[in-house]
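Colleague: I have just opened this structure and would like to learn how to read it. Could you walk me through it?

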Amino acid sequence: MSFSSSLTSATLCGASVFPKALACSIEFPSNLSSPFASAKICLTSFPASRDLKKNATLNLTRSIAPIQGNRCHAMPVGTRDLFMTGEKFQLSDVIEGQQFDREMLSAIFDVAREMEKIEKSSSQSEILKGYLMATLFYEPSTRTRLSFESAMKRLGGEVLTTENAREFSSAAKGETLEDTIRTVEGYSDIIVMRHFESGAARRAAATANIPVINAGDGPGEHPTQALLDVYTIQSEIGKLDGITVALVGDLANGRTVRSLAYLLAKFKDVKIYFVSPEIVKMKDDIKDYLTSNAVEWEESSDLMEVASKCDVVYQTRIQRERFGERLDLYEAARGKYIVDKDLLGVMKEKAVIMHPLPRLDEITPDVDADPRAAYFRQAKNGLFIRMALLKLLLVGW
């Protein structure tokens, strides 16, 4: 949707500048060259038309007089897309780490801190009252699915959920992902999807006329995990520029470390160490991306040495499910790098240990009591980030 004239402000009426669907009533004077005394635009939401997700744009460059009526206000606007850089962006979908810049991250984190206050208060929020979220998970999940569902309910919304869509949805009958998405969007206002295929989230977003959040697509990406990871680093370390991070474990198949690398590249003077068994080394696309963005990186086989230099040790499990029938390769890779008391002894006093969870044997339980063990605080931060994303996607600022 696009309007062009010579206007510098507009009066907008409705739940947000870009609600999930818009109906527009426009009155312009016949002489566009004269001053505008009575022109008006009213934007309101109605459920029958949700096809403006990808291309709604306002291009207003002269002043419009205020409208009378409920919940209307005048505000300056320029050209606004559904996804913009800067403080006043509007999210359309959350698909990959590359879509965010550091201004967007800062803005999302500001909203997440407000969500922390809501979660800690005893009053029930109704920010998302009347909205329905569908969680469509084709792979197992505990933290991601439950934190999204908790986030929606804490903001007053409702949830439709399927825990094993690969086996218990019509996908088992051969239904295409696109057909599933077209069906589910008819029942909900937003879809949170985990899928076993890399690129599935992008396909879903291209199909849907409602927002789609990638909750992990095979060995591809996990952008909301990366957002909560960066939020955790900032909260724990107090900065994001000038940090040194070790990414440890299954880097070839680890969608969390891939997305995190994309986000860390947004900050200054960051150095990343890749520590992994040879068979699950970080793939070249991430290395090339970091190099092209002037981010220093180094591969190492010595976790002890690397840990002594780092502000963050980000451990991951070796993912058996990514090896298929090659269990010999899985057994060869697992158990090589373990965070234990000996590793704690060489780490910086103010460093942190992170893990996207679940863990197996790659972090020993005796590490949990150390104040540098941040992985359960990290998991809790997922609630605040996902509350923030749901608010921004459904009702905006």
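Predicted model: local features only at pLDDT ≥ 70, side-chain atom pairs only at ≥ 80, totals over all residues.

Colleague: How many helices and strands does the protein have?

Modeller: Helices (H or I, at least four residues) and strands (E, at least two) are DSSP runs, numbered from the N terminus. Here there are 12 helices and 13 strands.

Colleague: What share of the residues is buried?

Modeller: Buried means under 20% relative accessible area, exposed over 50% and partly exposed in between, using a 1.4 Å probe and protein chains only. Of the 397 residues, 54% count as buried. As for contacts, meaning heavy atoms within 4.5 Å, take those with a separation of 6 or more: 72% of them join residues 24 or more positions apart.

Colleague: At what angle do helices α6 and α7 pack?

Modeller: Axes are lines fitted to C-alpha atoms, for helices over the stretch in contact, and angles run from 0 to 180 degrees between N-to-C directions. Helix α6 (residues 223-237) meets helix α7 (residues 255-264) at about 55 degrees, and their axes are 8 Å apart. That makes α6 oblique to α7, since angles under 35 degrees count as roughly parallel, over 145 as roughly antiparallel, 65 to 115 as roughly perpendicular and the rest as oblique.

Colleague: Which residues make that contact?

Modeller: On α6 they include P223, L227 and I233, and on α7 they include T256, L260 and L264. The residues of this contact divide into 8 nonpolar, 3 polar and 1 charged. In that grouping, Ala, Val, Leu, Ile, Met, Phe, Trp, Tyr, Cys and Pro count as nonpolar, Asp, Glu, Lys and Arg as charged, and the others, Gly among them, as polar.

Colleague: Where is V306, and which residues does V306 touch?

Modeller: V306 belongs to helix α9 (residues 303-307) and counts as buried because its relative accessibility is 2%. Setting aside neighbours within four places in sequence, V306 contacts A246, Y273, V275 and S300.

Colleague: What should I look for in the backbone?

Modeller: Most residues other than glycine have a negative phi, and most peptide bonds are trans. In this model, the peptide bond from L357 to P358 is cis, with omega near 5 degrees. P358 lies in the loop between β13 (352-354) and α12 (375-394).

Colleague: What is phi for D269 and for A294?

Modeller: D269 has a positive phi of about 55 degrees, and phi of A294 is near 60 degrees. D269 is in the loop between α7 and β10 (271-275) and is exposed, with a relative accessible area of 68%. A294 is in the loop between α8 and β11 (296-300) and counts as exposed at 72% relative accessibility.

Terms used
Residues numbered from 1 in each chain as written. Heavy atoms only, no water.
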